[in-house]
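Student: Could you take me through one part of this model closely, namely the sheet and what packs around it?

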Amino acid sequence: MTGVRRLSDAAAPHLIVPQLGPGVCGDCFNLTRGYGRCFACTRGQQRLAAFLPVSYSIAGGPLHRALAASKRDADPFVPVATATIAAILWRFLERHEQCVAAMAGVDRFDLVTTVPSGERSRDARHPLRRIVGQLVGPTRERHAPLLARTEAEVQQRQFDARRFAATGQLSGAAVLLIDDTWTSGASAQSAAAALVAAGARRVGCVVIGRHLNPAWDRNEARLQPLRGRFGYDQCALCAGRGEAARAA
Ligand SMILES: [Zn+2]
Ligand SMILES: [Zn+2]
């Protein structure tokens, strides 16, 4: 655990805890021009019972680079990036899996799985699968590869229930779905659709980085007050709850 603490603490200054409020999508924490839900969530299909991002991932920023590096086989930064992502996820889930479970309406998740890789050929050695299935203490005992990419021709950034298929029947299990990045949510929602079709009772999702483009609209200015405030004791769902309880 000392390695987990050291690596996750070192990464903390680069993490940005999303915060719900005016102009923030209530479903996916995207920044909007004053709307309560973003365009992608209004247009797409919702199959997830709960969604919790660890951090915003800013295009070109340190978390975005680490998430990208962990997927490039030849990158010399792979071992460090993988260990860092595993440490962040370990530390975060230890404390906040219960926040996403509560939102999904379950006591805990029976099974944990990952969204299959974008490329079918890479899936078996998808780094996230190793992180969740072997490295991270809170998930490895419950991990199972529950999803496979199908042969269906689908649009990259659009919800499509045919994109993935479950590898077996889930008979009422509560499933925690983990992905590295959330951009439009199409991939995670499509994965959740396959899990629900196979009998999952509820599907909750945790991603490491909720992608944001800092150049869009006023994103950079809006992110500024959130920087430097990340701590593993609060997540996007439970942040502020302690203060509210003290004030009451
Ligand atoms: Zn949204
Ligand atoms: Zn929490």
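Tutor: Two strands are said to pair if DSSP finds at least two bridges between them, and the strands themselves, like the helices, are DSSP runs numbered from the N terminus (E, at least two residues, for strands; H or I, at least four, for helices). This is a predicted model, in which local features need pLDDT of at least 70 and side-chain atom pairs count only at pLDDT 80 or more, while totals for chains, interfaces and linings use all residues. Residues are numbered from 1 along each chain as its sequence is written.

The open sheet has 4 strands in the order β1-β6-β5-β2, with parallel pairing, and its edge strands, β1 (50-58) and β2 (111-114), each pair on one side only. Neighbouring strands are turned by 15 degrees against each other on average, direction ignored, where axes are lines fitted to C-alpha atoms (for helices over the stretch in contact) and angles run from 0 to 180 degrees between N-to-C directions. Strands β5 (residues 174-182) and β6 (residues 202-212) pair in the parallel sense over 8 bridges, and Leu-177 has Cys-205 in β6 as its bridge partner.

Helix α3 (residues 62-69) packs on the sheet, touching β1, β5 and β6, with its direction at about 105 degrees to that of β1; contact here requires C-beta atoms, placed from the backbone, within 7 Å. Helix α7 (residues 186-197) lies across β5 and β6 and runs at about 160 degrees to β5. Leu-195, leaving aside residues up to four places away in sequence, touches several residues, including Val-175, Leu-177 and Val-203.

Note on methods
Chains lettered and ligands numbered in written order. Contact = placed C-beta atoms within 7 Å.
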